[in-house]
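Hello,

Here is the structure we talked about handing over. Please load it first, then read the notes below it.

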2 protein chains.
Amino acid sequence: MTTAPTSNWQAIAAFKRQTLASKIPAEWRLPASQLSSFSETSTLSALDMPCSCNLLTPRELDITEKYDATALVGLMLEKEMTSVEVVTAFCKRAAVAQQCVNCLTEIMFEEALGRARECDEFLEREGRGMGALHGLPISLKDSFNVKGTHTTIGYVSFINHPPAASNSVVVDMLHRAGAVFYVKTNLPQTMMTADSHNNVFGRTLNPHKLCLTAGGSTGGEGALLAMRGSVLGMATDVAGSNRIPALCNGTSSLKPTAGRIPFAGGVPPGRLGSPSSILPVIGPAGHSVRDYELVMKTVLDAEPWTFDENAINAPWRTVEAATRPLRFGLIRGHAKRPLHPPIARTLHTAATQLKAHGHSVVLLDDQIPDLYENAVLAWKYFLLDPQKTPAKHISASGEPWVPSMAVTSFPELAGWEASLDALFDMNVERAKVLRRYREVFVDSELDAIVMPGYQATAVPHDTFGVPIYTTLANLLNYPAGMLPFLKAEKRLDEPFFEKEAQYEPQYNPDVVEGAPGAIQIMGKPMKDEELVEIMKVVETILAKEN
Amino acid sequence: MTTAPTSNWQAIAAFKRQTLASKIPAEWRLPASQLSSFSETSTLSALDMPCSCNLLTPRELDITEKYDATALVGLMLEKEMTSVEVVTAFCKRAAVAQQCVNCLTEIMFEEALGRARECDEFLEREGRGMGALHGLPISLKDSFNVKGTHTTIGYVSFINHPPAASNSVVVDMLHRAGAVFYVKTNLPQTMMTADSHNNVFGRTLNPHKLCLTAGGSTGGEGALLAMRGSVLGMATDVAGSNRIPALCNGTSSLKPTAGRIPFAGGVPPGRLGSPSSILPVIGPAGHSVRDYELVMKTVLDAEPWTFDENAINAPWRTVEAATRPLRFGLIRGHAKRPLHPPIARTLHTAATQLKAHGHSVVLLDDQIPDLYENAVLAWKYFLLDPQKTPAKHISASGEPWVPSMAVTSFPELAGWEASLDALFDMNVERAKVLRRYREVFVDSELDAIVMPGYQATAVPHDTFGVPIYTTLANLLNYPAGMLPFLKAEKRLDEPFFEKEAQYEPQYNPDVVEGAPGAIQIMGKPMKDEELVEIMKVVETILAKEN
C-alpha cells in the first residue's frame with residue numbers, strides 16, 4: 001500500500017503505523033524471535049534489550065547510559081564525542097525501545113543525523129557550539145509541532161492533517177540552542193488518561209514490566225527515557241502528564257510554573273480558549289535535575305515572551321545552591337486513595353533520609369484542604385467545554401474510546417455539566433485552596449512539600465484511575481517535580497500494608513514487584529529556580545539510598 | 001440624628017454623608033460664602049481654594065505643593081519635617097478639597113495624626129525611619145479596606161456593613177513601610193463608569209473646572225491629587241480606573257501588570273470568582289513617576305506573595321535608567337472615537353518632542369487590531385456574571401442607577417448575554433489581539449507605545465462614555481501609565497479640528513477650555529520596571545514643554 005487509505009479508521013491507523021515502522025532502518029530491526037514474548041500481558045522487563053540485542057556498540061551503550069544531557073553537551077563541546085555519534089546512538093536505542101515498548105509516534109532519524117552533522121560542522125568551523133544544547137538529541141511528546149512532521153496526538157481523525165507548517169515555540173527555541181530532534185513519543189487518546197494508549201499507535205508498555213502502564217499522558221516519553229533511548233525529553237502536564245510517566249518509569253521530571261516555558265504552537269487535544277484556571281505546562285523529563293535547569297535557563301534566557309505572548313515575561317533568576325537545612329512539608333495521602341505499601345515505604349524512607357541529613361520535615365496532613373475534593377474540583381476545569389471537542393475529534397473517524405477513559409473520571413462528576421455560574425463558584429473554591437497552601441507554606445516556613453506522586457507504583461494497564469496527587473500542583477499552579485526512589489519489594493513493603501485500607505486500584509504485591517517508586521516535590525509558585533536547587537539536594541540524598 | 005436610619009435609602013445615605021462631614025474639624029470648615037458658587041454646573045476652578053481660603057499656613061502650602069512623595073520621605077528622615085507636620089498639612093488640604101469637589105468617602109484624620117506621632121517617635125527613638133514610606137500620608141480609593149473603617153464603595157446597601165475587620169493586603173504592606181492613611185476617596189456606583197458618582201457620597205467634581213467630570217472609577221483620588229490634598233494615592237484599574245482620573249485631573253498614574261501589587265483584601269463591586277481574562281490591578285497615582293517606583297519597589301521587596309496567593313511571586317528587578325534613544329510606537333486613535341483637537345494636539349506635540357530628543361516614533365495605526373472591537377471584547381468580560389451581582393447590590397437598597405451608567409455601554413452589546421461557549425470564543429479572540437501586540441512590539445523593536453488615554457480631555461458630567469483607549473492595556477495586561485501634558489486651548493487646538501470627524505462625545509472648545517491633556521504610555525507585560533524608567537524619560541521631556 002503506497003497511498004493512505006481514507007475509508008475505515010482501522011485501515012487509516014494501520015497505514016500510519018506502517019509508515020512509522022518503515023522509518024526504522026532495516027539494520028536496526030530486531031528479529032521477531034527476540035520480541036515474541038513481549039506483550040502487554042507479559043511480566044518481562046525490556047530494560048536489558050538495548051544491551052542484549054547487540055545492536056549498539058559498546059561506545060553507543062556508554063553514550064546512552066553513562067551521562068546526563070549536561071555532561072553530553074560538555075563532551076561534545078570538548079570534542080570528546082561528535083553530535084553525529086551521540087545522535088546515532090540515541091536513534092538506534094530509540095529504535096530498539098520502539099520495538100520493545102511501542103513508545104514512538106514519529107521518527108526523524110534522517111533529519112536528526114543531518115542536523116547533527118550541521119552541529120559538528122558548526123563547532124569545527126566556528127570554534128564554538130551552536131548554543132547551550134549544542135548537538136544534543138531531545139525527544140518530544142507527540143503534541144509538539146516539528147515543521148514537516150505530522151502531529152496526530154493519537155486521534156485517527158488527525159492523521160490526514162498536513163504536516164506541521166512550523167515548530168512549536170519551545171521547539172524553535174531549543175533548536176536555536178543547538179538541540180537535535182529525532183523522535184516524537186506516544187500519548188493517550190485525548191491526553192487525559194494515564195495510559196498512553198490510542199487507536200493510532202496503540203499502547204506504550206512499561207519497560208520495567210510490560211504488563212504495567214507506562215503512565216501518561218507523556219508515557220511514550222517516560223518509557224523511552226527508561227530505556228535510555230532518550231537523555232532528555234519535553235513533556236506537557238495539566239494533571240500530572242509529565243510526572244506520572246516519571247513515577248511509572250523510574251525517571252524524573254519537572255513541571256514548572258505555567259507560562260515559564262512558552263506553550264504556544266503545539267496541537268491541543270481539546271478546544272482553544274478554555275477559561276480554565278488550570279493551565280497546561282511544558283516541562284522537561286529525563287535523568288537529572290541539573291538537566292532541567294539547563295533547559296529552563298536556556299529557554300528563559302532567550303526571552304520566550306518575544307515568541308509567545310502567553311509566556312511570562314520574567315527572566316530566569318540565578319539563585320544560590322541550597323546549602324542550609326531545608327524545611328519540608330510532608331503530605332502522606334488521603335483516605336480515599338491510601339498509599340500502597342511500596343509508595344508508603346518510599347515516602348517514609350525519603351522523609352527519614354531527609355531528616356537524617358539535617359533537614360526538617362513537618363507533617364501537613366491535618367493542615368491542608370481535602371486532597372480528593374481538590375482533585376474533583378480540578379477535574380471540573382477539564383470538563384468546561386460545552387462542545388466536548390475531544391469527543392468530536394474521536395467521532396470524526398469512527399474510532400472507539402480507549403478503555404482507560406472509563407476509569408479516568410470521578411463518580412462525583414457523573415452527569416455534571418459546566419456552566420458559567422458554576423465556574424464562578426469553582427474559582428471561589430479554588431481561591432480558598434490557593435489561600436490555604438500559601439498560608440501553610442508561609443506559616444510553617446516551608447521550602448517545599450514532599451508528597452506522593454500517586455498512591456501506587458505503575459499499576460496494570462487501564463487501572464490507573466484519577467491522579468489526585470499530581471493534580472494538586474496543577475490546581476495550585478505550583479511547580480513540582482518527580483524523583484525516582486526505591487522499588488516495590490514485597491518483603492520490605494509488607495510492614496506498610498494496612499488491613500483496613502481500601503486500596504484503589506487493588507494492591508497486588510506480586511504484580512508490581514520491581515516497579516519503580518518515586519516521590520513528588522512541590523515548590524512555591526514562580527520559584528522554579530529554588531525548586532530546582534531543592535530537588536538537587538533531594539536527588540543527591542536519595543541517590544545514596546537508591 | 002445620632003443613630004443610623006434603616007428605612008429609605010435617601011435617609012441612610014444622608015446619614016452617612018453627615019457622618020463623613022462631621023469628621024472635618026470645625027476650624028477646617030470653609031464658610032458657606034466661599035463655596036456658594038461651587039456646583040456641578042459651574043465653570044469655576046477649585047485649584048486656588050487651598051491657598052485662597054487661608055486655612056493652610058505658608059509652610060503647609062509648601063509641604064503640600066512643592067514636593068513629591070519621595071522628597072517628603074527624605075525630608076522627614078532628615079528631620080527637616082515631622083510626619084505630624086506633613087500629615088496635618090495634607091489632612092487640612094484634603095478637608096478643603098472635600099468641601100470644594102466632594103472627593104472623599106472616609107476621613108481618618110485623628111487616626112492619621114496618631115500614626116504620624118508614632119512615626120515621629122519611632123524615628124526619634126530608633127534613629128531610623130519606619131520604612132521606605134516613613135511617615136508619608138497616602139490616600140486610598142474607597143474600595144481598599146482599612147481596619148476599623150467602613151468600605152461602602154458607594155453602594156447604599158453596603159452602608160450597614162460592619163467596619164473592615166482587617167486591612168487590604170497592600171494597605172498592610174504600605175503601613176508596615178511607614179505609610180499613614182488619612183482619607184479614602186470617592187468612586188462611581190459599580191466602579192464601572194468614568195463619573196465618580198454614587199448615591200451615597202454624590203458626585204466628585206473636577207477641580208480644574210467643576211462642570212467637568214473628575215473621571216473614574218478612582219475619580220475622588222484624581223480630584224484630591226489635583227487639589228494637592230494628597231501626594232500619593234492608591235487606585236485600582238480594570239478598564240482605565242487609575243488612568244482616566246489622572247487624565248481628567250492633570251495628574252499621573254501607573255497601572256502595573258496585574259498581580260505585581262497584591263489585590264487581595266479589598267471590597268469588590270461585583271461577584272468573586274469571575275473567569276474573566278481581564279484582572280483588576282492596583283497601582284499608584286500622584287505627581288511623579290519616581291514615586292510609583294518607590295511604591296512598587298517597596299511593596300514587591302516585601303514579598304507580596306507571602307500575603308496574597310494571587311500576587312505574582314516574582315521580585316522587583318533593578319534596571320538601568322533608560323539613557324539610550326528609545327523606540328516608541330504611536331497609536332493615533334480610532335475613527336469611531338476620533339481625538340478631540342486638544343488631545344490630538346497633545347499627542348502630536350508629545351511625539352514631536354520625543355523625536356526632538358532623539359527618540360524614534362513608529363506609527364502603528366495600520367498595524368494593530370481594531371481598537372474599538374477590542375474594547376467591545378473587553379466589555380464582554382465585565383458582563384460575565386449571570387447573577388448580575390452589582391445590580392443586586394443596587395436593588396438591595398432601592399437606590400437608582402446613577403445617570404452615567406446609561407452611557408457606559410456599547411450598543412453592540414445590547415441584550416448580549418454571556419455563556420461558557422461564548423467565553424471560549426472570547427478567549428480565542430483575545431489571544432489574537434495579544435499575539436498581534438506582541439508581534440508589533442517585537443517586530444518594530446519597541447520600548448513602549450504612546451497613545452491617547454481617551455479621545456478627549458475631561459468632558460461634562462455623564463458624557464464620558466466607554467473608554468476604548470485605556471481598556472486596551474487591561475485586555476492585554478500590559479502595564480500603562482498616564483502623564484499630564486498641555487491643556488485644552490482653543491486657539492492652539494483649532495488647527496487639529498477635523499470637519500468630517502464624528503466627535504463622541506461632542507467637542508465643545510469653550511466648555512473644555514483649560515482642561516488638562518495627557519498621554520498614555522504602554523509598556524511590555526511584566527516589564528513594569530522598564531516602563532517606569534521610560535516614563536521618567538518622557539516625564540522629563542514633557543516637563544520642558546508643559
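**Findings**

A:Pro505 sits in the loop between helix H17 (490-493) and helix H18 (509-512) of chain A. Helices (H or I, at least four residues) and strands (E, at least two) are DSSP runs, numbered from the N terminus. The peptide bond from A:Glu504 to A:Pro505 is cis, with omega near 0 degrees.

This is a predicted model: local features need pLDDT of at least 70, side-chain atom pairs count only at pLDDT 80 or more, and totals for chains, interfaces and linings use all residues. Residues are numbered from 1 along each chain as its sequence is written, chains are lettered from A and ligands numbered from 1 in the order in which they are written, and side-chain values use heavy atoms, with hydrogens and water left out.

**Backbone**

Chain B has a cis peptide bond between B:Gly216 and B:Ser217, with omega about 10 degrees. B:Ser217 belongs to the loop between strand E5 (202-203) and helix H9 (219-226) of chain B.

Now phi. A:Asn102 is not a glycine, yet its phi is positive, about 60 degrees. This residue lies in the loop between H6 and E1 of chain A. A:Glu303, also not a glycine, has a positive phi of about 55 degrees. Its loop runs between helix H11 (289-301) and strand E9 (327-330) of chain A. For context, most residues other than glycine have a negative phi, and most peptide bonds are trans.

**Sheet in chain A**

Chain A has an open sheet of 11 strands with mixed pairing. The order is E1-E3-E2-E6-E8-E7-E12-E13-E11-E9-E10. Two strands pair if DSSP finds at least two bridges between them. At the edges are strand E1 (104-107) and strand E10 (360-363) of chain A, each pairing on one side only. Neighbouring strands are turned by 30 degrees against each other on average, direction ignored. Axes here are lines fitted to C-alpha atoms, for helices over the stretch in contact, and angles run from 0 to 180 degrees between N-to-C directions.

E1(A) runs antiparallel to strand E3 (residues 180-185) of chain A, and 3 bridges join them. A:Ile107 stands opposite A:Val183 in E3(A). Helix H7 (residues 109-126) of chain A packs on the sheet and touches E1 and E3 of chain A. Its direction makes about 155 degrees with that of E3(A). Contact means heavy atoms within 4.5 Å.

**Helix pair in chain A**

Helix H13 (residues 371-381) and helix H16 (residues 468-476) of chain A pack at about 65 degrees, with axes 9 Å apart. Which residues of H13(A) and H16(A) meet? From H13(A) they include A:Leu371, A:Tyr372 and A:Trp379; from H16(A), A:Ile468, A:Tyr469 and A:Leu475 are among them. By class, this contact has 11 nonpolar, 2 polar and no charged residues. Ala, Val, Leu, Ile, Met, Phe, Trp, Tyr, Cys and Pro count as nonpolar, Asp, Glu, Lys and Arg as charged, and the others, Gly among them, as polar.

**Sheet in chain B**

The sheet of chain B is open too, with 11 strands in the order E1-E3-E2-E6-E8-E7-E12-E13-E11-E9-E10 and mixed pairing. Strand E1 (104-107) and strand E10 (360-363) of chain B each have a single partner strand, so one side of each is left without a neighbour in the sheet. Strand E2 (residues 137-141) and strand E3 (residues 180-185) of chain B run parallel, joined by 4 bridges. B:Ile138 has B:Phe181 in E3(B) as its bridge partner.

**Interface and salt bridges**

Chain B and chain A each give 40 residues to their contact. The buried area is about 3300 Å², with 65% from carbon and sulfur atoms. Buried area is the accessible area (1.4 Å probe) that two parts lose on being put together, summed over both. On the chain B side, B:Trp305, B:Leu420 and B:Phe424 lose the most area, together 22% of what that side buries.

There are 6 salt bridges between the chains. A salt bridge is a side-chain nitrogen of Lys or Arg within 4 Å of a carboxyl oxygen of Asp or Glu. One joins B:Arg271 and A:Asp421 (2.8 Å, N to O). Over all chains the count is 67. Another salt bridge links A:Glu85 and A:Arg59 (2.5 Å, N to O). A:Glu85 lies in helix H6 (residues 83-101) and A:Arg59 in helix H4 (residues 58-65) of chain A, so the pair ties together parts 26 residues apart in sequence.

Best wishes
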